[in-house]
Amino acid sequence: MSAEPARDLLIGVDVGTYSSKGVLTTLDGQIVAQHVAAHGISVPRHGHVEQDADAVWWADVVTILRALLHEPGTAGRVAGVACSAIGPTLLPLDAGGRPLRPGIMYGVDTRAQAQIDALNAELGEAAILAHSGMALTSQAIGPKIRWLREYEPEVWAQARTLTSAGSYLVFRLTGEHVIDHHTGAHFMPLYDPRTRTWTDRFAASVLGDRGLEVLPRLAWSDERAGQVTAGAAAETGLRPGTPVAVGTVDALAEGLSVGAARPGDLMVMYGSSTFFILTQESPTPDPRVWSVGGAFAGQVNLAAGMSTTGSLTRWIVDEFAREHDTAAAYDTLFTQAAALPPGADGLLMLPYFSGERTPVNDPQARGVVAGLTLSHTRAHLFRAALEGVGFGVRHNLDALRDLGADVRRVIAVGGGTKGGTWLQIVSDITGQVQEVPQVTVGASYGDAFLAGLATGVLTRADLDRWVQPGPPVTPDPAARAEYDRLYGLYRALYPATRDIVHAL
């Protein structure tokens, strides 16, 4: 009789906005294998941003898991698996757990503004803020549920479970409907952050005559959701019975991947959007940002997010550098932008190309480019985009400090950290030192750590072994005066153009 294989490997899979990534690690965080699957988004009409739950989310997970497990015997060594995904998203399922429509994406999807206005009028903005710890914005799922009920009654009639992207992946793996507290908090106003439970206080305004039973059960990200079913094992190559963690949204997993887990740690994630997660000892609710649960029991996060950052640079590459392949275009534009002076020779950009989330919270905001002349080039436009995002980061940092949040260190992660040019611009604009760990694999690496916690083969203290610091990015004092001047103009540009943009 052969001996049982050692359970000495962990798997993390993250489904992002434009790609998904998986990582296979040892128990001490060494990377054994990685795999990436690219995908797109669907924009069926302005303000509606969607992805297919099976053709994108689950298909990517299956592809990645099969790639990571292709060596014979690997599946038997996996101690646990965890998934993260874009969030918060809304996905209605029928009685059999099948998606009834594409998933409605996070704050970049702005379709529910009328429902936000209606809920604020019915329930009171102050009452919602006092109850949920944050104001209703395009990030909130409650208004999107109401939109679904009002605009797609045939879907609503069949819906038996309302879930999110990461929770759907857990369901496909285990058959369990479970959602983490961080994501659940965004299902406001259906979540009570004081009791950490679903609440029916405002449920009628969101769910109509439905009850809270349509929502998944709540759990912490590092808890065990269930185990891989025989059906999921056949699709993915995982061993039946492999433990599966509850998991979380991509941004929180990304924070864990770089060790942002202690009070005062602020993760800045440079991806298709830019996301901020500050770990706190106690909440500091404010309508400009989001107060949510953390990854671990009793933990509190303050979260914020810009809508269009990496996706803005991708737009410039796609539209103005078509003669290059994507990688070469990025290399060329970053090199050319780095050679330009602060201020891009008089060009200033509001990066609100998909509306803006925090701290503006205006889904009708749009991109503005001020100062264009015939002497400007696409390199100037690219530099102005990088700086516009930098000013947006500073705006969010100012908002966090205004509300009394304690930011002790800033840890940068995500695709935008590669090469260093963008990070240097942001540090110069904000005056903030940014730490970049030696390994910045992304959210999937944080997922692998969560898998270890959920299965008991790791403890939180092991995070210090997994994450090693790299050289910090320090601000250039010579650029500070010019960027301070430009930041004042940046802050003035939005209120000066808001009415015109709204009218357009």
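Me: Is R394 buried or exposed?
Reply: R394 is buried, with a relative accessible area of 11%, where buried means under 20% relative accessible area, exposed over 50% and partly exposed in between (1.4 Å probe, protein chains only). This is a predicted model, in which local features need pLDDT of at least 70 and side-chain atom pairs count only at pLDDT 80 or more, while totals for chains, interfaces and linings use all residues. Residues are numbered from 1 along each chain as its sequence is written, and side-chain values use heavy atoms, with hydrogens and water left out.

Me: Which side chain does R394 meet in a salt bridge?
Reply: R394 meets the side chain of D484, at 2.9 Å from N to O; a salt bridge here is a side-chain nitrogen of Lys or Arg within 4 Å of a carboxyl oxygen of Asp or Glu. Because D484 lies in helix 17 (residues 480–503) and R394 in helix 13 (residues 378–402), the pair ties together parts that are 90 residues apart in sequence. Helices (H or I, at least four residues) and strands (E, at least two) are DSSP runs, numbered from the N terminus. D484 is partly exposed, with a relative accessible area of 31%.

Me: OK, and how many salt bridges does the structure hold?
Reply: The structure holds 26 salt bridges. One of them joins E122 to R146, with the closest N and O atoms 2.7 Å apart. E122 sits in helix 2 (residues 113–123) and R146 in helix 4 (residues 142–151), so this pair ties together parts that are 24 residues apart in sequence. E122 counts as partly exposed at 46% relative accessibility, whereas R146 counts as buried at 9%.

Me: Which strands hold R409 and E435?
Reply: R409 is in strand 23 (residues 409–413) and E435 in strand 24 (residues 434–435), and the pair links distant parts of the chain, 26 residues apart. The two form a salt bridge whose closest N and O atoms are 2.9 Å apart. R409 counts as partly exposed at 25% relative accessibility, and E435 counts as partly exposed at 28%.

Me: Which residues are linked in a network of salt bridges?
Reply: That network links E50, R101, D109, R111 and E152.

Me: Back to helix 4, how many of its residues are buried?
Reply: Helix 4 is mostly covered, with seven of its 10 residues buried, namely G142, P143, K144, I145, R146, W147 and L148.

Me: What does I145 touch?
Reply: Leaving aside residues up to four places away in sequence, I145 touches L90, W156, L162, F187, L190, V206 and L207, a contact being heavy atoms within 4.5 Å. I145 is also among the residues that touch the most other members of the largest nonpolar core, which has 67 residues. A nonpolar core is a set of buried Ala, Val, Leu, Ile, Met, Phe, Trp, Tyr and Cys residues joined through side-chain atoms within 4.5 Å.

Me: Switching topic, how do helix 10 and helix 15 pack?
Reply: Helix 10 (residues 250–257) and helix 15 (residues 443–455) pack at an angle of about 80 degrees, with their axes 7 Å apart. Axes are lines fitted to C-alpha atoms, for helices over the stretch in contact, and angles run from 0 to 180 degrees between N-to-C directions. The contact is made by D250, A253, E254, L256 and S257 of helix 10 and by A443, Y445, G446, D447 and L450 of helix 15.
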